[in-house]
Amino acid sequence: MPELTRRRALTAAAALAAAAGVPALVAPGASAAGHSHGGSLEPFDEVYKGRRIQGRPAGMDDTGGMNGMGGHHHGHGTGYAVFVDAVELHVMRNADGSWISVVSHYDPVATPRAAARAAVDELQGAALLPFPAN
């Protein structure tokens, strides 16, 4: 019989938990409410703490029309673009449905709007600088 290692013990515990129907752990701030796993996310445009934050499906301009980008996706393939004072805030959707940004990378939130607000909070009045493309 193979020696019992920590890795095997943890693997066995995870398998037993999954078989028992224990719910998976979710990142803090990420709940099932407010996630739209399959559909498009609603655009937003508001002033938060004196900063204009906007979010919309990538390829859509301020007026709701297509901006000629040919469906180019911002936000690391999320298909959703977020802006703080007209500067793009790069966002990414995690596997669990939560969102992070380049400014608040280690604090997942439930929506792109919450990611924009978290970035404004983190910037504390500083300007968001454009993030260089690959």
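The legends below describe close-up views of one predicted model.

Residues are numbered from 1 along each chain as its sequence is written, and side-chain values use heavy atoms, with hydrogens and water left out. Because the model is predicted, local features need pLDDT of at least 70 and side-chain atom pairs count only at pLDDT 80 or more, whereas totals for chains, interfaces and linings use all residues.

**View 1. The protein chain holds two helices and six strands.** Helices (H or I, at least four residues) and strands (E, at least two) are DSSP runs, numbered from the N terminus. Starting at the N terminus, the order of elements is α-β-β-β-β-β-β-α. The chain has 134 residues, and 31% of them count as buried. Here buried means under 20% relative accessible area, exposed means over 50%, and partly exposed lies in between (1.4 Å probe, protein chains only). About 8700 Å² of the protein chain is accessible surface, and carbon and sulfur atoms make up 59% of that area. Accessible areas come from the Shrake-Rupley method with a 1.4 Å probe; for residues, only the protein chains shown count as cover. Among contacts in the protein chain with a separation of 6 or more, 49% are between residues 24 or more positions apart. A contact means heavy atoms within 4.5 Å.

View 2. The predictor's confidence in each residue is given as pLDDT, from 0 to 100. Its average over the protein chain is 75, and 57% of the residues score at least 70. Where pLDDT is low, the predicted coordinates should not be read in detail.

**View 3. Four strands form an open sheet in the order E1-E2-E3-E4, with antiparallel pairing.** Strands E1 (44–48) and E4 (87–89) are at the edges with a single partner strand each, so one side of each has no neighbour in the sheet. From one strand to the next, the twist averages 25°. Axes are lines fitted to C-alpha atoms, for helices over the stretch in contact, and angles run from 0 to 180 degrees between N-to-C directions. Two strands count as paired if DSSP finds at least two bridges between them. Strands of a sheet pair through backbone hydrogen bonds, either parallel or antiparallel. Helix H2 (residues 112–123) lies across E1, E2, strand E3 (80–84) and E4, at about 25° to E1.

**View 4. Strand E2 (residues 51–57) pairs with E1 in the antiparallel sense.** Five bridges connect E1 and E2. Opposite Phe44 stands Gly55 of E2, and opposite Asp45 stands Gln54 of E2. The hairpin of E1 and E2 has two residues between the strands, and Lys49 takes a positive phi near 50° there. E2 and E3 also run antiparallel, joined by five bridges. Arg56 has Ala81 in E3 as its bridge partner. Five of the seven residues of E2 are buried, so this strand is largely enclosed by the rest of the structure.

**View 5. Arg52 and Asp45 meet in a salt bridge.** A salt bridge is a side-chain nitrogen of Lys or Arg within 4 Å of a carboxyl oxygen of Asp or Glu. The whole structure contains five. Between the side chains of Arg52 and Asp45, the distance is 2.6 Å from N to O. Arg52 is partly exposed at 37% relative accessible area, and Asp45 is partly exposed at 46%.

**View 6. A salt bridge joins Glu46 to Arg113.** Their closest N and O atoms are 2.5 Å apart. Glu46 lies in strand E1 and Arg113 in helix H2, 67 residues apart, so the pair links distant parts of the chain. Glu46 is buried at 17% relative accessibility, whereas Arg113 is partly exposed at 31%. Together with Arg117, these two residues are linked in a network of salt bridges.

**View 7. Asp85 forms a salt bridge with Arg51.** The closest N and O atoms of the pair are 2.5 Å apart. Asp85 is in the loop between E3 and E4 and Arg51 is in strand E2, with the two 34 residues apart. Asp85 is partly exposed, at 36% relative accessible area, while Arg51 is buried, at 10%.
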